[in-house]
Amino acid sequence: MGAAGQEYPDDALGCRVMRATTMLLQTLREAPGDAEAISHQLLARAGFLRRLASGIYSYPPLGFRVLRRLEEIIREEHARIGAEELLLPALHPREVWRASGRDVTMDEVLMRVSARGGDFVLGPTHEEVVTALVDEQVSSYRELPRLVYQIQTKFRDEARPRFGLLRTREFIMKDAYSFDASADGMRATYRAFYDAYCRIFDRCGLPYTPVEALSGAIGGDVNHEFMVPSPIGEDRFASCTACDYAANLEAAETGAPAAPAGASDEGLVEHHTPDAPGIDAVVEHFADRGLTAAGMLKCIAAVDDDGAPVVLLVPGDREARLEGGLRVFDDADFEAHPSLVKGYIGPMGLRERGVRVVADPLVAAGGPWATGANRFEHHVTGATLGRDFDVDEWRSVAVAREADPCPRCGAPLDIVQAVEAGHTFQLGTVYSAGAPGATFVDEDGVEQVMWTGSYGIGVGRLMAVIAESHHDEHGLAWPAEVAPFAVHLLSLGAQRNPEVAERADALHDALVAAGVEVLYDDRDASPGVKFADADLLGIPTQVAIGGKGLARGVAERKDRASGERDEIPLEDVVASLTGRS
RNA sequence: CGGGACGUGGCGCAGCUUGGCAGCGCGCCUGCUUUGGGAGCAGGAGGUCGCGGGUUCGAAUCCCGCCGUCCCGACCA
């Protein structure tokens with residue numbers, strides 16, 4: 001055994017605690033009862049994280065090393081596109097959020113703090129702060145573009161933290177922000193970030209799909225989510241089985257449906273349908289006519305950006321997609337528009353009453369329809385497009401389903417459950433033109449507004465997603481680039497065999513000297529315990545030194561991911577692990 | 001915020017129905033024996049049974065209130 005307190009050089013992560021006997025690490029045979037997701041169970045069992053409170057986690061050294069690895073990959077790829085790292089305050093004067101209006105729009109997730117200096121917000125994101133910073137320091141087009149990023153803890157008062165690191169109240173986030181002199185510049189910068197993101201996720205060993213997304217509360221136009229398929233995903237996206245079309249289900253369109261059904265001479269008939277405000281109740285009422293939900297026309301009343309009423313039409317067995325700006329009617333809206341009867345809306349005569357009608361193309365392919373009669377407790381059957389009602393605008397507003405046609409090529413769509421691991425936005429001038437604002441003087445001496453983008457990756461979430469997709473029944477199996485150590489060295493039976501201890505100690509020292517990041521399991525534990533823990537921790541390469549191998553002058557090596565084993569002559573171990581064989 | 005479940009040593013759980021010395025497995029400490037895929041024996045440490053109140057001679061157990069945690073839903077840069 002090496003002398004206690006012996007000094008070793010710091011490794012690449014600035015850590016010299018590499019012996020299991022001196023590391024703050026406890027593995028658990030059983031997962032904590034509050035861990036549901038497999039990633040959460042394994043990360044907790046292997047000692048990568050500990051829960052302090054709901055959605056708040058500590059990272060013991062092993063987990064911290066994985067975070068540092070992820071950060072290093074992110075730093076390298078950001079450096080490649082010329083982005084500079086900076087650090088921003090976590091504590092923001094509440095006035096900053098009042099000025100941008102997001103104290104209202106993000107009200108529910110803001111964590112507020114009062115202190116002697118006044119009222120503060122724990123930053124959930126930093127667009128306002130960084131925009132103000134760049135505006136102060138940049139005044140000329142000559143200084144643009146500017147690309148900056150931060151890696152730091154952010155806070156959101158999540159309604160429901162879940163699945164371990166997937167959704168937490170305090171989380172480590174990489175956020176980047178870009179400032180350009182023109183829309184074209186912004187688009188070029190966006191492309192650079194998009195490519196950097198692909199490299200980052202590739203290096204993390206993740207199967208990912210960039211999907212088109214809605215922009216949500218952040219605002220802006222073009223944006224992509226980087227999705228990793230997973231059963232714990234909170235999102236779903238549509239993905240074409242033939243071309244590269246992929247979009248979040250909230251944004252996914254579908255192609256034109258099959259040819260319209262043959263003409264029918266069924267007349268429009270009004271029926272008394274007491275106590276049947278929903279699709280299910282109406283279907284039951286007309287059960288003897290063979291009506292199904294697919295034969296009903298679902299009519300959703302909404303209000304658009306300008307406050308004007310819109311009715312969306314989709315088949316009754318479909319969900320309607322409310323695109324940006326549309327808001328479903330509340331009770332006050334129904335009072336303001338008495339011609340739209342809650343629970344009994346039909347498309348007939350709406351245009352005449354100044355209500356815009358937007359229909360999914362599926363509506364043209366079906367019918368005649370059963371639908372609301374615009375009269376309390378009455379529905380109609382036989383409603384036919386062109387005869388009984390018309391449509392102002394045809395648009396894909398039904399939520400896509402498995403096997404729906406792709407909007408680009410018509411091939412069937414897959415629906416995939418996934419985790420959003422990263423998100424890139426072209427913000428345009430949303431923040432730079434408003435408060436706090438960011439402007440510069442162009443080559444003609446005229447003041448212009450900067451064109452901006454923002455680009456986020458949840459670092460803790462990334463760790464969970466990698467664990468989710470890199471494990472087996474024995475434990476974790478980290479991809480090489482993100483593993484906490486490169487090599488897990490196990491001494492077997494060192495207590496009773498001094499030569500094993502000597503050889504293992506010497507090998508540990510030699511590996512450290514050669515710059516190999518090695519975790520040395522020098523505990524006085526049985527071989528079974530060490531093997532089981534090694535498989536649980538998931539360090540890519542395991543090297544075992546034991547009496548059996550020693551007798552033949554070899555160490556045994558196992559590749560954690562594939563399970564493949566081989567033997568290496570002791571004198572060749574360092575060379576083979578450093579790639580110099 | 002709505003629905004459901006659960007809070008008992010570091011971790012996993014039993015005990016609660018029917019009130020009567022707080023238990024089991026893992027982990028931890030000491031000793032001996034073991035030793036190539038989560039060893040055995042012996043001894044030991046560690047718990048205000050989530051918190052507060054009530055009922056009772058007596059409450060982990062029954063009643064009331066609160067807090068916390070997880071799951072489903074709503075929400076979600």
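Is phenylalanine 48 buried or exposed, and at what relative accessibility? At 0% relative accessibility, phenylalanine 48 counts as buried; the term buried means under 20% relative accessible area, exposed means over 50%, and partly exposed lies in between (1.4 Å probe, protein chains only).

The structure is a predicted model, in which local features need pLDDT of at least 70 and side-chain atom pairs count only at pLDDT 80 or more, while totals for chains, interfaces and linings use all residues. Residues are numbered from 1 along each chain as its sequence is written, chains are lettered from A and ligands numbered from 1 in the order in which they are written, and side-chain values use heavy atoms, with hydrogens and water left out.

## Helix 1 and its surroundings

Helices (H or I, at least four residues) and strands (E, at least two) are DSSP runs, numbered from the N terminus. The buried residues of helix 1 are Ser39, His40, Leu42, Leu43 and Ala44. These buried residues pack against strand 2 (56-58), helix 10, strand 25 (471-472), strand 26 and helix 12 (527-537).

Helix 1 (residues 38-45) and helix 10 (residues 459-469) have axes that come within 8 Å and cross at roughly 100 degrees. Axes here are lines fitted to C-alpha atoms, for helices over the stretch in contact, and angles run from 0 to 180 degrees between N-to-C directions. Helix 1 and helix 10 are therefore roughly perpendicular to each other; angles under 35 degrees count as roughly parallel, over 145 as roughly antiparallel, 65 to 115 as roughly perpendicular and the rest as oblique.

Ile38, Ser39 and Leu43 in helix 1 meet Met463, Ala464, Ala467 and Glu468 in helix 10, where contact means heavy atoms within 4.5 Å. By class, this contact has 5 nonpolar, 1 polar and 1 charged residues. In that classification, Ala, Val, Leu, Ile, Met, Phe, Trp, Tyr, Cys and Pro count as nonpolar, Asp, Glu, Lys and Arg as charged, and the others, Gly among them, as polar. Glycine 47 follows helix 1 and has a positive phi, near 85 degrees.

## Aromatic pairs

Rings of Phe, Tyr and Trp (its six-membered ring) pair if their centres lie within 6.5 Å; planes under 30 degrees apart count as stacked, over 60 as edge-to-face and the rest as tilted. By this rule the count comes to 11 aromatic pairs. One of them is tilted and joins phenylalanine 48 to tryptophan 478, at 5.3 Å centre to centre with 45 degrees between the planes. Phenylalanine 48 lies in the loop between helix 1 and strand 1 (50-53) and tryptophan 478 in the loop between strand 26 (475-476) and strand 27 (487-492), so the pair ties together parts that are 430 residues apart in sequence. Tryptophan 478 is buried, with a relative accessible area of 4%.

Phenylalanine 201 and tyrosine 208 form another tilted pair, 5.7 Å centre to centre and with 45 degrees between the planes. Phenylalanine 201 counts as buried at 0% relative accessibility. Ring pairs link Tyr194, Tyr197, Phe201, Tyr208 and Phe226 into a cluster.

## Strand pairing

Two strands pair if DSSP finds at least two bridges between them.

| Strands | Bridges |
|---|---|
| Strand 13 and strand 19 (residues 378-383) | 4 bridges |
| Strand 29 (residues 541-546) and strand 30 (residues 554-559) | 4 bridges |
| Strand 30 and strand 31 (residues 565-569) | 5 bridges |
| Strand 11 and strand 21 (residues 413-428) | 6 bridges |
| Strand 11 and strand 12 (residues 246-248) | 3 bridges |

An open sheet of 3 strands has the order 13-19-18, with antiparallel pairing. Its edge strands are strand 13 (269-272) and strand 18 (369-375), each of which pairs on one side only. The twist averages 35 degrees from one strand to the next. Glutamate 270 has valine 380 in strand 19 as its bridge partner.

Strand 11 (residues 235-240) is mostly covered, with 5 of its 6 residues buried. Aspartate 235 stands opposite alanine 418 in strand 21, and serine 239 stands opposite alanine 246 in strand 12. A hairpin of 5 residues joins strand 11 to strand 12.

Valine 543 stands opposite arginine 557 in strand 30, while alanine 555 has isoleucine 568 in strand 31 as its bridge partner. In the hairpin of strand 30 and strand 31, which has 5 residues between the strands, glycine 563 takes a positive phi near 85 degrees.
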